[in-house]
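Hello,

Here is the structure I promised to pass on to you. Have a look at it first, and my notes on what turned up follow below.

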Amino acid sequence: MEKIVILGGSFGGLTAAFEIKRLLGGKAEITVVSDDERFVFLPSLPWLIMGHRRPDDITLKVSDILKPKGIDFINEAAIRIEPDKSKVFTAAKEIPYDYLIISTGPHLSFDEIPGLGPDKGCTDCTFTLDHAVKTNLSWKKILDEPGPIVLGSAQGVSCFGPSYELAFEMDAELRKRKMRHKTPIFYLTSEPYLGHMGVGGLGKSKRFFEDEFAERDIKPIVNQAIEEVTPGEVRLKDGTKIPFKLAMIAPPFKGVPAVAPLGNPRGFIPVDKNYRHTKYKNIFTIGVAMAIAPPEPTPVPTGVPKTGFMTVTMAKTAAATITSEIKNEPLPTPEELSVICLMDMGNTAAYMKASPVLPPRQEVSLKKGILFRSLKAAFEKYFLWKMKHGLANLP
Amino acid sequence: MEKIVILGGSFGGLTAAFEIKRLLGGKAEITVVSDDERFVFLPSLPWLIMGHRRPDDITLKVSDILKPKGIDFINEAAIRIEPDKSKVFTAAKEIPYDYLIISTGPHLSFDEIPGLGPDKGCTDCTFTLDHAVKTNLSWKKILDEPGPIVLGSAQGVSCFGPSYELAFEMDAELRKRKMRHKTPIFYLTSEPYLGHMGVGGLGKSKRFFEDEFAERDIKPIVNQAIEEVTPGEVRLKDGTKIPFKLAMIAPPFKGVPAVAPLGNPRGFIPVDKNYRHTKYKNIFTIGVAMAIAPPEPTPVPTGVPKTGFMTVTMAKTAAATITSEIKNEPLPTPEELSVICLMDMGNTAAYMKASPVLPPRQEVSLKKGILFRSLKAAFEKYFLWKMKHGLANLP
Amino acid sequence: MEKIVILGGSFGGLTAAFEIKRLLGGKAEITVVSDDERFVFLPSLPWLIMGHRRPDDITLKVSDILKPKGIDFINEAAIRIEPDKSKVFTAAKEIPYDYLIISTGPHLSFDEIPGLGPDKGCTDCTFTLDHAVKTNLSWKKILDEPGPIVLGSAQGVSCFGPSYELAFEMDAELRKRKMRHKTPIFYLTSEPYLGHMGVGGLGKSKRFFEDEFAERDIKPIVNQAIEEVTPGEVRLKDGTKIPFKLAMIAPPFKGVPAVAPLGNPRGFIPVDKNYRHTKYKNIFTIGVAMAIAPPEPTPVPTGVPKTGFMTVTMAKTAAATITSEIKNEPLPTPEELSVICLMDMGNTAAYMKASPVLPPRQEVSLKKGILFRSLKAAFEKYFLWKMKHGLANLP
């Protein structure tokens with residue numbers, strides 16, 4: 001029986017585990033390794049920060065959802081891979097594999113920028129449940145003692161959506177509370193222009209975000225890298241200083257240490273079109289851990305976003321490829337990656353679709369409407385229900 | 001009985017006089033000092049220039065409206081203030097005061113730019129009734145002998161609305177007369193971009209004015225200072241020469257000589273949030289005479305506009321503060337200043353609201369619609385009726 | 001009886017011939033000289049390239065339509081004019097004239113740019129029937145083997161409409177075929193910005209085209225001159241290299257060799273407001289052959305477009321002027337030139353009007369709507385019917 005080990009218990013890892021189980025049934029022994037015992041619906045973290053969700057609303061216990069499907073769960077951190085021996089190591093265990101799927105997401109590399117990160121007490125972050133819980137407290141504090149807010153993405157970030165969402169949501173909430181004029185909002189980004197999002201413009205997205213920001217008096221500071229952060233001040237490489245009372249700043253992304261040696265200098269892992277490692281044929285990588293070359297280099301480095309939606313697509317392709325190989329069937333044609341994004345904007349919302357992810361594209365859509373907000377909430381519930389019941393094959 | 005002296009008989013001066021009278025009745029002796037015996041509804045001067053209004057339509061005699069209210073009027077120019085002695089001087093009189101309210105508006109500083117101003121025969125101006133009457137003749141002449149029109153604001157201007165209005169109104173009128181193609185229109189300004197208006201962008205105002213100007217073929221020349229004006233030519237500091245047949249150019253603003261010594265180097269007077277002089281506690285300053293720091297310095301100097309609407313708000317706060325002090329009551333909380341503007345655009349009109357005046361703002365609106373034109377005309381009638389009857393307390 | 005010779009059998013030449021015949025009847029001997037035996041409705045060439053028209057649909061035989069009207073047709077190329085002797089020469093004939101009307105259109109000056117032009121096998125062109133027939137084959141090939149498309153205008157072009165149309169039409173067709181993501185489209189132009197069109201912006205045209213291009217992911221490369229073309233690559237003067245699989249590139253325009261000695265260094269002929277040669281009083285020039293100074297010089301040279309619609313207007317003025325002179329009547333006032341343009345955009349269409357052609361303008365319109373597509377098709381049929389029956393006087 002084939003041993004399949006999956007690193008990561010989020011969108012990619014769980015989807016891959018469920019899919020392989022569904023396709024191979026008892027013919028495979030599947031093990032998920034993750035140091036986080038929770039599955040968190042990350043797209044809802046901005047709502048948690050705003051106070052619209054509690055952690056329980058958007059969290060599932062990984063062991064609870066894997067056990068009924070007969071999938072093993074090792075709740076430990078992987079610390080090393082030995083690809084030539086086909087083994088994964090945790091502090092305590094040595095786990096051999098026939099196939100390895102890496103879906104470890106990003107390492108949030110706060111240390112690259114002096115003063116950055118929740119641990120140093122200056123800035124907040126929006127990318128993990130623990131960070132978001134802390135950021136929610138900072139947000140409540142700003143409602144009592146208003147002052148400038150910086151929503152930012154450092155150089156090397158590849159996920160800009162949450163910062164845009166929070167800018168819109170905070171703007172709308174502050175207006176509702178009649179205190180917007182006491183709370184300047186800065187949107188600081190490594191993107192070369194608004195709406196770039198790491199992929200080079202999605203149709204009219206540049207004009208769309210410029211107009212929305214102008215209308216809402218959110219001050220954009222684009223094409224910038226951060227030199228350091230001190231209490232109450234972001235210092236840019238060009239010398240500009242931006243004072244703040246609340247700063248949520250996304251750090252540079254890297255590959256996580258356990259898998260980085262398999263990847264490029266920043267630790268992202270090169271793959272073929274079926275997400276198979278370019279050198280180690282029994283290792284697959286999906287989601288943020290995987291390397292995608294940007295459509296064109298940006299003056300300040302940015303990365304191509306890998307959304308949960310994209311990661312799920314990748315997981316299905318990787319799972320189908322591994323099962324085809326095990327069953328000695330022809331390999332599947334990978335499904336083309338699209339970006340689909342529902343963005344809450346506080347008092348309205350937007351739907352974006354870009355297919356394929358990188359230009360030129362067959363289809364680009366950008367629509368605004370309050371209905372997309374309900375759609376986003378409905379999708380959250382649906383996805384959590386799907387994961388809870390291991391129904392990863394549903395659309 | 002307290003002696004209250006008010007310098008200026010326009011929006012600010014009359015409103016302050018009526019309000020103090022209403023609040024203190026016979027307990028105060030109120031004197032308005034102004035060298036102009038007329039109250040002019042300044043927002044209608046562009047209509048006078050276009051030929052839609054005669055001077056009588058928008059003018060009231062100050063003595064006629066003050067006398068029935070028991071307010072004294074000295075129709076002389078103030079030439080000096082001695083704040084330590086609490087006295088105002090005209091050429092003939094020495095006027096002691098317990099409280100002084102300065103609402104003297106701008107000194108139009110034509111002399112700072114060689115060749116500028118109606119007196120030198122090259123350019124027209126739109127800011128006083130006499131100037132506007134003369135500009136109306138120049139406009140009639142251009143209808144007979146068409147040629148390039150320059151509508152401009154020199155460095156140091158803090159009132160851009162009338163130039164925008166006239167650009168739109170002239171464009172519309174020239175099209176109606178089928179002579180627009182013989183009459184290029186240039187909009188020359190010290191603003192760093194269209195729609196800045198001295199306050200740094202009002203929501204989508206930049207795009208709004210850029211689109212309107214493109215659509216109407218009004219050529220913008222932004223971020224410019226004027227070196228000199230010669231007959232038929234405006235010369236910019238960067239060397240550009242703009243030929244014209246009709247040029248209406250707003251000069252730099254300063255404080256008027258009689259009150260300038262109380263102010264900053266340009267003669268604008270520093271005040272606290274109740275419009276009280278930062279040093280002389282019995283002097284208040286409202287309207288253009290007062291100093292407001294710009295939200296951010298512009299490459300070419302511009303000033304923050306103080307509209308009639310804002311000046312009226314300031315007058316009410318100053319009046320309430322003085323009466324509270326006299327009555328030994330707690331001082332009132334000043335009402336936050338907002339910009340509200342109805343802009344005629346010839347074949348349509350626009351409504352702008354920014355609250356507060358300086359960013360970040362709780363509320364920004366910019367709407368276009370022909371109805372705002374009627375609203376502007378209705379407001380003109382209403383305000384003149386209100387002033388005529390001394391009902392400054394009405395909204 | 002006056003001998004009137006007309007060079008050119010397209011919009012200008014035929015309209016002038018019909019008009020003079022209508023106005024003078026038997027009092028004039030009219031001869032049209034053209035090396036092309038066909039009248040081609042040039043605005044439909046983009047549709048022919050796209051496969052929506054066959055050559056027969058948009059072509060009339062010149063001799064068929066001139067003969068019934070009693071107008072002579074010499075189907076030979078003019079090779080020289082001797083203006084002092086009032087004679088036109090073909091290889092075989094010597095043709096004397098009392099009045100000469102030049103309506104020879106552009107000489108497509110491929111030789112100015114190494115590698116440019118259908119004859120050299122690298123690039124296609126969209127301006128003549130033969131070129132368009134060949135470009136249609138190249139387009140069919142790209143549908144089988146997709147790759148980058150460059151739609152471009154070299155320095156010195158004065159007709160940008162067809163390139164815009166083809167960019168939109170190809171985008172729409174490729175999306176319909178679900179292959180747009182395999183076919184990047186570049187719009188390369190000597191215009192200083194999108195929507196300039198050689199005339200300096202038509203109202204909101206800049207924003208209109210920028211928005212449409214962003215929405216459709218057509219990549220603009222503006223303000224550029226071409227250095228050379230090699231198989232599969234356009235090299236710009238600034239060093240940029242643009243790879244392509246299909247390139248349709250308009251060459252610089254010049255006057256045709258037979259008439260160029262009468263004109264400026266690029267062979268365009270200077271005229272007065274009635275289209276009469278500034279030196280030779282019995283020679284008139286209309287359409288592209290005539291010189292119009294651009295409204296302002298562009299960084300990369302561009303020319304003012306002379307559309308078929310404009311050329312027809314010029315032909316009527318020239319014809320009326322000549323007949324008035326012959327009849328000893330006062331010369332007519334020339335009708336002002338306007339640009340009117342119906343632009344197919346594949347899945348929609350647009351209507352543009354600019355009057356007069358050069359700014360400032362009395363009227364500018366830019367409207368988008370699918371109805372303009374039907375209108376364009378209807379106009380094509382109407383104009384061909386009008387020409388077939390010699391009814392040039394109809395609007």
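**Where chains A and B meet**

Three salt bridges cross the interface of chain A and chain B, a salt bridge being a side-chain nitrogen of Lys or Arg within 4 Å of a carboxyl oxygen of Asp or Glu. One that you can look up joins the side chains of B:Glu296 and A:Lys219, at 3.9 Å from N to O.

Before going on, a word on the source: this is a predicted model, in which local features need pLDDT of at least 70 and side-chain atom pairs count only at pLDDT 80 or more, while totals for chains, interfaces and linings use all residues. Residues are numbered from 1 along each chain as its sequence is written, chains are lettered from A and ligands numbered from 1 in the order in which they are written, and side-chain values use heavy atoms, with hydrogens and water left out.

Back to the interface. Eight residue pairs are in polar contact between chain A and chain B, both at pLDDT 80 or more. The largest share, five residues, comes from α6(A). Helices (H or I, at least four residues) and strands (E, at least two) are DSSP runs, numbered from the N terminus.

In total, 15 residues of chain A are in contact with 11 residues of chain B, where contact means heavy atoms within 4.5 Å. About 1100 Å² is buried between the two chains, and carbon and sulfur atoms give 40% of that. Buried area here is the accessible area (1.4 Å probe) that two parts lose on being put together, summed over both. A:His181, A:Glu215 and A:Asp217 supply 49% of the area that chain A buries against chain B, more than any other three residues.

**Two domains in chain A**

Chain A is divided into domain 1 (2–108 + 253–336 + 379–388) and domain 2 (110–252), with bounds that come from an automatic or database domain assignment. Their C-alpha centres lie 28 Å apart. The contact takes 29 residues from domain 1 and 39 residues from domain 2.

Between these domains, about 2700 Å² is buried, with carbon and sulfur atoms giving 66%. In domain 1, A:Ile49, A:Leu108 and A:Phe253 lose the most area to domain 2, together 29% of what that side buries. Two salt bridges are counted between the domains, and nine residue pairs are in polar contact across their interface, both at pLDDT 80 or more. On the domain 1 side, β3 (38–40), α2 (45–50), β10 (106–108) and β18 (253–255) of chain A each supply at least two residues. The largest share of that side, six residues, comes from α2(A).

In the loop between β3 and α2 of chain A you will find A:Ser44. A:Ser44 counts as buried because its relative accessibility is 1%; buried means under 20% relative accessible area, exposed over 50%, and partly exposed in between (1.4 Å probe, protein chains only). Leaving out residues up to four places away in sequence, A:Ser44 touches A:Ile58 and A:Glu380.

**Backbone details to look at**

Most residues other than glycine have a negative phi, and most peptide bonds are trans. The bond from A:Ser355 to A:Pro356 is cis, with omega near -5°, and A:Pro356 is in the loop between β21 (349–355) and β22 (363–368) of chain A. In chain C, the bond from C:Pro359 to C:Pro360 is cis, with omega near -5°.

B:Met197 has a positive phi, near 60°. This residue is in the loop between β12 (185–188) and α6 (205–216) of chain B, and B:Met197 counts as buried at 9% relative accessibility. B:Asn223 also has a positive phi, near 65°, and counts as partly exposed at 31% relative accessibility.

Happy browsing!

Key:
A polar contact is a pair of N or O atoms within 3.5 Å; within protein, one must be able to donate a hydrogen and the other to accept it, and residues adjacent in sequence count only if both atoms are side-chain atoms.
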